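Let's take a walk through a protein model together. Keep the picture open beside you and look for each part as we come to it.

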Amino acid sequence: MLTTNETKVDQERIYHCSGANIRGGGGLETYIASLINWQNYQLINNGVQPEELLISSLKNVQQNQFELLHIHDPDMLVDFREECPAVLTIHNHSSYCPSGTKYLADRQQKCDRSMHPLGCTWGHLIDGCGSRKPQNIFQDWQNAYYFLKNIKNLNISVIANSNYVREELISHGLSPNKVTTLHCGIERSKHPVSPLNPEIHQQQHILFVGRIVPYKGLEWLIKALAKTDSQIHLDIAGDGWGKAKMIELAQKMGLSDRITWHGWCNGDKLEILYQQCFSVIFPSLWPEPAGLVTLEAYAHCRPIIASDIGGIPEYIQNHHTGILVPPHDLQKLADAINELSENYHQARLIGENSHDLFEQKFVMDVHIQELEKIYNQTMNDFYSRKK
């Protein structure tokens, strides 16, 4: 990774800046890796590792040597010196929410408060939105406060991955002219993708992909599973500290034989799970900024049933590319699952519609085209100010 001013760089390339491990499997890591792979295809094919094209710190970097920096971690702005054009993508809520969740865990509801020291401290201590340790509360608050204070005065373009995130940034003081919405994009599957067929539909598998933590909604999904046809089987691809509790819940509800716990899955295993399900379930309870699971389902030609919260609805055309369900509503989630399980033609059609929308709006080459427009405008604005 590039970390020092002795490093020679190609000034004609866009460099991405993040401390993320792009070999990891999270949404942010996957997105950054996709950008690097796409924009540096020839270099990577010639043996350059993606990590070599990622700047992990701006502290000792001679920034005026770059054509443009694309920053993905707000914390890195402390070392940004405005010596070159730059854009910042906001991927989550941590820039305007000290806990980073916008979710009051103990109340099991999203947080509609604006950032305030008293309200956010109350949220941490009483509503369980984040750590209850005083030093962590103070550090979380400080990070968000100084970001909002500094970003308003920096000459940097801000990209939000949903209108939901954009509106939050504006409500916390950023100028609407400073923030552009660019919905996420992902790469096409590296494996052959087929529409849902009768044989797979008859197997009656649904799929959950994600971390097993309370705000991802797996408890809601397991309870809803009990209200669905007994032939429906839930595959869970993921892990997390809440797994043991969810296994215990499934056992108490007599659902153990209807659930398979696959743990974290590599690309090949996950491909198989996507292909063998008739629907992907995305039951988040917190206001997801965007949610790449939707696009993964689209890329695999599968309909998605998802929570109507946060930025998720911006990626889904209800009853056309997926079905949106109010969070916590057990019966409506069960009804949506049963609806697709009972109607092969509807499930297939929604999956095909979702794949068409994916190709039109969310595939990586389309995403890069829109991103390059933002890059060009940012560079034009930067050099106009220089004049």
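The second largest pocket has a lining of 17 residues, and Gln 108, Pro 214, Glu 219, Trp 220 and Leu 285 are the ones nearest its centre. A pocket here is found on a 1 Å grid over the protein atoms alone: it is an open set of points with protein on both sides within 12 Å along at least five of seven lines, and a lining residue has an atom within 4 Å of a point. The space in this second largest pocket comes to about 360 Å³, where a volume is the space filled by probe spheres set on the points, and grid points are joined across faces, edges and corners.

Before going further, a word on where this comes from: the model is predicted, so local features need pLDDT of at least 70 and side-chain atom pairs count only at pLDDT 80 or more, while totals for chains, interfaces and linings use all residues. Residues are numbered from 1 along each chain as its sequence is written, and side-chain values use heavy atoms, with hydrogens and water left out.

Which helices each supply at least two residues of the lining of the second largest pocket? They are helix H7 (218–225) and helix H8 (243–252), and H7 gives the largest share, four residues. Helices (H or I, at least four residues) and strands (E, at least two) are DSSP runs, numbered from the N terminus. By class, the lining of this pocket has 11 nonpolar, three polar and three charged residues; Ala, Val, Leu, Ile, Met, Phe, Trp, Tyr, Cys and Pro count as nonpolar, Asp, Glu, Lys and Arg as charged, and the others, Gly among them, as polar.

Now look at the rings. The structure holds seven aromatic pairs, meaning rings of Phe, Tyr and Trp (its six-membered ring) whose centres lie within 6.5 Å; planes under 30 degrees apart count as stacked, over 60 as edge-to-face and the rest as tilted. One of these is Tyr 215 with Trp 286: the ring centres are 5.4 Å apart and the planes stand at 70°, so the pair is edge-to-face. This pair links distant parts of the chain, 71 residues apart, with Tyr 215 in the loop between strand E10 (205–209) and H7, and Trp 286 in the loop between strand E13 (279–282) and helix H10 (292–299). Tyr 215 is partly exposed because its relative accessibility is 21%, whereas Trp 286, at 8%, is buried. The cut-offs are under 20% relative accessible area for buried, over 50% for exposed, and partly exposed in between (1.4 Å probe, protein chains only).

The rings of Tyr 298 and Phe 362 have centres 6.4 Å apart and planes at 40°, so this pair is tilted. Tyr 298 lies in helix H10 and Phe 362 in helix H12 (residues 344–362), so the pair ties together parts 64 residues apart in sequence. Both Tyr 298 and Phe 362 are buried. Elsewhere, ring pairs link Trp 141, Tyr 145 and Tyr 146 into a cluster.

Next come the strands. Six of them form an open sheet in the order E12-E11-E10-E13-E14-E15, with parallel pairing; two strands pair if DSSP finds at least two bridges between them. At the edges are strand E12 (259–263) and strand E15 (322–325), each pairing on one side only. Strand E11 (residues 233–237) pairs with E12 over four bridges, and Asp 235 has Thr 260 in E12 as its bridge partner. Strand E5 (residues 86–90) and strand E8 (residues 157–160) also run parallel, joined by four bridges.

Finally, look inside for cavities, which are sets of points where a 1.4 Å probe fits but cannot get out. How many cavities of 30 Å³ or more does the structure hold? There are two. The largest cavity has about 120 Å³ of space and 17 lining residues, with Cys 97, Pro 98, Cys 111, Cys 120 and Cys 129 nearest its centre. Strand E6 (103–104) and helix H3 (117–125) each give two or more residues to this lining, with the largest share, four residues, coming from H3. The second largest cavity has a volume of about 40 Å³, and the residues lining it include Tyr 31, His 91, His 183 and His 367.
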